Every structure is written in structure tokens, then in C-alpha cells.
Amino acid sequence: DHGGARQCYAKSKSLYEESNRSNPLEEAAWELAVGLVDLKEGQPETAKQRLAKMASLRPKITESNPLNTDLAEDLSLLLEGEILLAEGRVDEAIAVVGKRPDVSIPTLGSQTIFFYNFPGEWDVLARAFVAKNAFDEAIAEYERLVAPVPPRRDRRLVYPVFHYRLGRLYEEKGMIAKAVREYERFLEIMNGAGTGLAEAEDTSRRLDLLARIRP
């Protein structure tokens, strides 16, 4: 529901402005949010304009709070990678996303924590590897993303669909036991909340099929 998403983002921005809580990092996050909707609607040129706006906000972000510099850079590189991937420039997307900084978790009392876990779907590097049919690299990236304690400072929440996508890759490679583990983990996290979700329905179907072929 792209129209609904835009309305929600517009309302959130309005509420921030009305409460005089608006800050340059929030503006950058808003541009990223709507830029991702632009890409979902096949509008990469509009997303590029939002990326340029994010770049213009970088000096203000650093000036207001230097600790947010890395996060601002990370959000910009993520949107740039998504744009390149949407345009089919896969190698360029991989190169750009590979520059994303290792962002540590902000203090819990900081406003920055609102934007640390946004967007949830931050697996652009893994999806770029999939687009290149580099499945081993994609598997390695998803394994890093879902690891309980990733070998980085990054501690963002794991988007549950990552388990489904990793399971698909395991299944593609014939690693059935690992695929089943990820599918079951995905459904366990969703705990019935995935009703009507394409990934949840596909996971149930795949588990049924794999149960028939497993010894």
C-alpha cells in the first residue's frame, strides 16, 4: 500500500515539525523512507532527488550531533545501493553498499535510536548478490545478518523475512536441513502474525514439500 505508506510518513513528519522536535537526521530518515517507496513504484529518478537531499543534510547532522555522522552516511549509502540495484547496476550496488560504516547502537535515551533500526529491510547487499547469482556470497551475508551476535558493532534488529530468504538460498543449494531450520525459525518468530503474508504462506508450502522428500 504505497499510498498509505506515503500518508503515514507525511503524518510523522508533520507531527515532528509541529512539536518542534524536527532534526536533520529525522529529515534524512524521512527522505530515505519515501525514497524507498519511490523505488517500489518504479521511480528511481525521484529517489535520486531524495538521495541528493540527504547529502545536503549531512553537514547539519554532523553539526547538530557528530555521533550521528556514521548513521547518516549509512542511510545514504543504503538508499544509493537500492537505487543502483533497482537500475540493474548490480556490481556498482555491491561496491557502494560495501562502504557502509560499522554503526554501533546509540544510547537508549537518544532520539537516534528511533532511526537505528530503520529500514527493517536493510539486506540490500545480500539481494545484490542474489541478483548476480552469487549465492554463496548471499548466504554468507544473510548468515551474518541473522547471527545472534554478529561479528561487528552493528546490533540492528533482524528482519524476520531474512530467515525466509536465507532458507530459500539454502534450498537452492540443496542444503535442505539448514533450509528447514530457517523456515521454521521464520514461522516461529511470526507466530501466526504472517496470515496473508506471501513469504509465510510460501514457507508453509515449502516445509510441506520438503517433509515429503526428506529421509
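The chain has 11 helices and 0 strands, where helices (H or I, at least four residues) and strands (E, at least two) are DSSP runs numbered from the N terminus. The radius of gyration is 19 Å, close to the 17 Å that the globule rule gives for 215 residues, so the chain is as compact as a globular protein of that length. That radius is taken over C-alpha atoms, and the rule is 2.2 Å times the number of residues to the power 0.38.

This is a predicted model, in which local features need pLDDT of at least 70 and side-chain atom pairs count only at pLDDT 80 or more, while totals for chains, interfaces and linings use all residues. Residues are numbered from 1 along each chain as its sequence is written, and side-chain values use heavy atoms, with hydrogens and water left out.

Along its principal axes, the C-alpha trace spans about 60 × 35 × 35 Å. Buried residues make up 44% of the 215 residues; buried means under 20% relative accessible area, exposed over 50%, and partly exposed in between (1.4 Å probe, protein chains only).

Let's turn to helix 11. With 16 residues (198–213) at 1.5 Å a residue, helix 11 should span 22 Å, and its end C-alpha atoms are 23 Å apart, which agrees; the expected span is 1.5 Å times one less than the number of residues. Its buried residues are A200, D202, T203, R206, L207 and L210. Seen down the helix axis, they fall within an arc of 155°, so they line one face of helix 11; the arc is that of the directions from the axis to the C-beta atoms. These buried residues pack against helix 9 (161–172) and helix 10 (176–190), whereas A198 and R212 are exposed on the other side of helix 11.

Now for the aromatic rings. The structure holds 5 aromatic pairs: rings of Phe, Tyr and Trp (its six-membered ring) pair if their centres lie within 6.5 Å, and planes under 30 degrees apart count as stacked, over 60 as edge-to-face and the rest as tilted.

| Pair | Centre to centre | Between planes | Class |
|---|---|---|---|
| Y164 and Y183 | 6.3 Å | 40° | tilted |
| Y164 and F186 | 6.0 Å | 45° | tilted |

Y164 lies in helix 9 and Y183 in helix 10, 19 residues apart. F186 is in helix 10 as well, so its pair with Y164 ties together parts that are 22 residues apart in sequence. Both Y164 and Y183 are buried, and F186 is buried with a relative accessible area of 0%. Elsewhere, Y142, Y159 and F162 form one aromatic cluster.

Terms used
Contact = heavy atoms within 4.5 Å.
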